[in-house]
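Work through the exercises below with the sequence and the 3D view side by side. Try each task before you read its solution.

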Amino acid sequence: MALHRGHRELEPLWARHGIRILPGPSSLWLDATGKRLPVPLFPGFDTLGTLEHIVRTGYDHTWFVLDKKIIGKEFALSGSEQNPDLTGKSVRGVIGRARADVPGPVQAFMDKGVDFVVEKDLSALVRGMNALTDEPLIDEAALRREITARDREIANPFTKDLQVTAVRGARAYLGDKLIRTAAPHRILDPGAGPLIAVRLNILTRKSLGGLETDLDSRVLTEGGEPLEGVYAAGEAAGFGGGGVHGYRSLEGTFLGGCVFSGRAAGGRRRGRWADAGSRAGAR
Ligand SMILES: Cc1cc2nc3c(=O)[nH]c(=O)nc-3n(C[C@H](O)[C@H](O)[C@H](O)COP(=O)(O)OP(=O)(O)OC[C@H]3O[C@@H](n4cnc5c(N)ncnc54)[C@H](O)[C@@H]3O)c2cc1C
C-alpha cells in the first residue's frame with residue numbers, strides 16, 4: 001500500500017479516516033520529537049524515503065510547522081470535494097487561488113481540524129502540540145533553535161540550507177511562484193503568523209501491488225504464461241503506484257497508466273471478439 005502524510009478528516013467516513021495534504025516546499029517537517037527530517041526529505045519530495053525514515057524514528061506521527069503565509073499559498077488537500085474550483089471547472093475559482101488568503105477547505109481544517117494547532121507564539125504552539133500526543137515530546141527551546149537556524153538562512157543568498165534553496169528553485173517557475181510556493185520569509189516573523197503545527201499521520205491511499213500482466217493487460221501466471229481469459233487493469237495491475245512510471249513515480253501520473261492498461265485490456269478483448277466473429281462468419 002502507498003503511505004502518505006495526512007491529517008484526520010473533519011467529517012470522517014470511517015474510523016481514522018485521513019485526508020492527504022499536497023504540500024508546497026516551505027513547511028518545516030519535524031519528527032515526533034521536533035527534529036527536522038534529514039535532507040532531502042522536504043514536503044513533497046520523496047514520500048517513500050520519508051516513510052522509511054519515519055518508521056525508523058519509532059513514532060508514527062510527524063509534524064509540519066509553518067505559518068499562515070505558507071498555508072495560504074502551499075496547502076492543497078487531495079480529493080475532489082476539497083477542490084470545488086477544479087472539479088467545478090471554475091476558471092475564476094482557480095484564478096482566485098492566487099488571491100485567496102487561505103482557501104476555504106484549508107481554513108476549515110485550521111478552525112476545526114483535530115490535528116491542527118494555530119497559535120500566535122511559539123510557547124503556546126508547543127503547548128498545543130504536546131497536548132495532542134500521549135507524551136510531551138516537543139521541547140520548546142530545541143524547536144526554537146531548529147526554526148531560528150532555518151529562518152537565519154533566509155537572508156543568506158548562498159545558504160547551504162537545501163530546503164531554502166529548493167524553495168527559491170521552485171519560485172523560478174512562474175506557475176509555482178503564483179499559486180504554489182510562498183515567498184521565502186522567516187517563520188517566526190509575526191507578520192507571517194499565526195504559527196501553525198499540523199500533526200501528520202501515516203495513511204494508506206492506494207495499492208502499490210497488483211497482478212502481473214503483459215502489455216495486453218493479460219494476467220500472467222507464476223510461470224509467466226498468460227492466464228486464459230483473465231485481464232487486469234489500473235491499480236489491480238499495479239498502475240496505482242506508478243506502474244509504467246516506476247516505483248518512485250511523480251504525483252499525478254497514476255491515472256494515465258490506469259487508463260492505458262484498461263484500454264489495452266479492452267482492445268485485446270475487442271480483438272478477440274472480432275477474431276471470434278470473423279471465424280464464426282467464415283464458417
Ligand atoms: C484521493 C485520491 C486522489 C488521487 N489523485 C490522483 C491524481 O491527481 N492523479 C493521478 O494520476 N492519480 C490520482 N489518484 C490515484 C488514481 O485515482 C487511482 O490510482 C485510479 O483512479 C485507480 O483506478 P482503477 O480503475 O484501477 O480503480 P478505481 O478507480 O478504484 O476503480 C475500482 C472500481 O471497482 C469498484 N469495485 C470494487 N469492488 C467491487 C466489486 N466487488 N464489485 C464491483 N465493483 C467493485 C469500486 O467501487 C470502483 O468503482 C488518486 C487517488 C486517490 C485515492
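**Exercise 1: a patch on the surface**

Leu174 lies in helix 9 (residues 174-179). Helices (H or I, at least four residues) and strands (E, at least two) are DSSP runs, numbered from the N terminus. This is a predicted model: local features need pLDDT of at least 70, side-chain atom pairs count only at pLDDT 80 or more, and totals for chains, interfaces and linings use all residues. Residues are numbered from 1 along each chain as its sequence is written, and side-chain values use heavy atoms, with hydrogens and water left out.

Task: is Leu174 buried or exposed?

Solution.
- Step 1. Take the cut-offs: buried means under 20% relative accessible area, exposed over 50%, partly exposed in between (1.4 Å probe, protein chains only).
- Step 2. Leu174 has 57% relative accessibility, so it counts as exposed.
- Step 3. Leu174, Leu178 and Ile179 make a nonpolar surface patch of about 280 Å². Patch residues have over 30% relative accessible area and no salt bridge, and nonpolar side chains (Val, Leu, Ile, Met, Phe, Trp, Tyr) are joined within 5 Å, like charges within 9 Å. A salt bridge is a side-chain nitrogen of Lys or Arg within 4 Å of a carboxyl oxygen of Asp or Glu. Areas come from the Shrake-Rupley method with a 1.4 Å probe; for residues, only the protein chains shown count as cover.

**Exercise 2: an enclosed helix**

Task: how many of the 10 residues of helix 6 (residues 122-131) are buried?

Solution.
- Step 1. List them: Leu122, Ala124, Leu125, Val126, Gly128, Met129 and Asn130.
- Step 2. That gives 7 of the 10, so helix 6 is largely enclosed by the rest of the structure.
- Step 3. Look for the cover. It includes strand 4, strand 6 (116-119), helix 7 (140-152) and strand 7.

**Exercise 3: ring pairs**

Task: how many aromatic pairs does a search of the whole structure find?

Solution.
- Step 1. The search finds 5. Rings of Phe, Tyr and Trp (its six-membered ring) pair if their centres lie within 6.5 Å; planes under 30 degrees apart count as stacked, over 60 as edge-to-face and the rest as tilted.
- Step 2. Trp29 and Phe64 pair edge-to-face, at 5.0 Å centre to centre and 75 degrees between the planes.
- Step 3. Trp29 sits in strand 3 (residues 28-30) and Phe64 in strand 4 (residues 61-67), 35 residues apart. Both Trp29 and Phe64 are buried.
- Step 4. Ring pairs link Trp29, Phe64 and Phe75 into a cluster.

Technical notes:
Contact = heavy atoms within 4.5 Å.
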